[in-house]
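Please have the sequence and the structure open while I talk, and follow along on the screen.

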Amino acid sequence: MLDWLLGLTPENISSYGADIDGVISTTTQIVFYWWLVAEILLIAFIIMYRKRPGQKAAYITGASWKAMSYVLIPTFFVLLLDIYLDIKSQRVWDHVKTNLPKADIEAKVVGMQFSWLYTLPGKDNKLGTDDDIETDVLTFPVDKVIHVHISSTDVLHSFFLPHMRFKQDAVPGRTITGWFKATKTGVYPVSCAELCGTGHGIMASSYEVMTQEDYDQWVIENSEDEEVASNDVSAEPASAGFIEEDYPETKIDPKYKEGGEDHTTFSRSAPERNTELDGDASEENSSNEEDTEDIQ
Ligand SMILES: [Cu+2]
């Protein structure tokens, strides 16, 4: 039932895509049937109890148990369905968001106004080493667990892979890890699902799912021409408003915690405000004392 609605969603190429679609389908069906019942009753009652000659309107306060049962019984069923949905979706949430399976490949995803930049491990399959590959097409093998460490250099973005049934906010100053496993090779779109500025609509990107052999080859090719590759990357995003100096900052996330450039200004001004407040507070205190003296 209602498969036509799920038919509108993009093709599922995710190992947990069926779980996500299942929750959406169940929620839609429950909401749809209750909506149908409510609308049919509403229209029926409008016709049945319309104004007619000789029929007087009754004033019903709803205080009797019979009247209340018309509200309480449907509420009970809605509550039961709510609990059912909670249990069903909690299982999916645990699987997709909480219990991350062991990663085969770890990648870094950085959102910025208005592009996505990806860093993949090189031949050593370790992220954060010299042979890392920077790319603007997230590339990874099929049937492998990919962990993505998502962050942002500026404002809130949302890393959205519709075919992968994956969506995760990119929050400045934080790195959030998500995972997915593709079941099919191909090139698929990435978009930003958080209104992040004037270029939000053009903040599109893509990812390519390859066979393991193709991926191994891709890693070798891109690791070999490391210099060329890094030149490409620094040149390409520049057209999309990327400033190279911005990137190293995002590598050092603790910097934000210790107080980056912006935060320093904030913490500098904060104590000034505090001292002002203290001054005010002591004045208030002294005036309070005066008041109490007056009362005494
Ligand atoms: Cu964005």
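Let me start with the largest nonpolar core, which has 28 residues, and in which Ala 107, Val 109 and Tyr 118 touch the most other members. By a nonpolar core I mean a set of buried Ala, Val, Leu, Ile, Met, Phe, Trp, Tyr and Cys residues joined through C-beta atoms within 7 Å. A residue is buried if 20 or more other C-beta atoms lie within 10 Å of its own, exposed if 12 or fewer, and partly exposed in between, with C-beta atoms placed from the backbone.

Residues are numbered from 1 along each chain as its sequence is written. The pLDDT, which is the predictor's confidence in each residue from 0 to 100, averages 79 for the protein, and 73% of the residues score at least 70. Over residues 246-296 pLDDT stays under 50, and where pLDDT is low, the predicted coordinates should not be read in detail.

Back to Tyr 118: leaving aside neighbours within four places in sequence, its contacts (C-beta atoms, placed from the backbone, within 7 Å) include Ala 107, Val 109 and Leu 138. Val 109 is also in contact with His 149, a residue of strand β5, residues 145-152; helices (H or I, at least four residues) and strands (E, at least two) are DSSP runs, numbered from the N terminus. Is His 149 buried or partly exposed? His 149 is partly exposed, because 17 other C-beta atoms lie within 10 Å.

Now to the open sheet of five strands, whose order is β4-β10-β9-β6-β7, with mixed pairing. The edge strands are β4 (137-141) and β7, each of which pairs on one side only; two strands pair if DSSP finds at least two bridges between them. Strands β6 (residues 157-161) and β7 pair in the antiparallel sense over five bridges, with Ser 158 opposite Asp 169. These two strands form a hairpin with four residues between them, and Arg 165 in the turn has a positive phi of about 55 degrees. In β7, Phe 166, Gln 168 and Ala 170 make up the covered face, whereas Lys 167 and Asp 169 make up the uncovered one.

Finally, helix α3 lies largely in the open, because the number buried among its 34 residues is one.

Definitions and conventions:
This is a predicted model: local features need pLDDT of at least 70, side-chain atom pairs count only at pLDDT 80 or more; totals for chains, interfaces and linings use all residues. Two residues are in contact if their C-beta atoms, placed from the backbone, lie within 7 Å.
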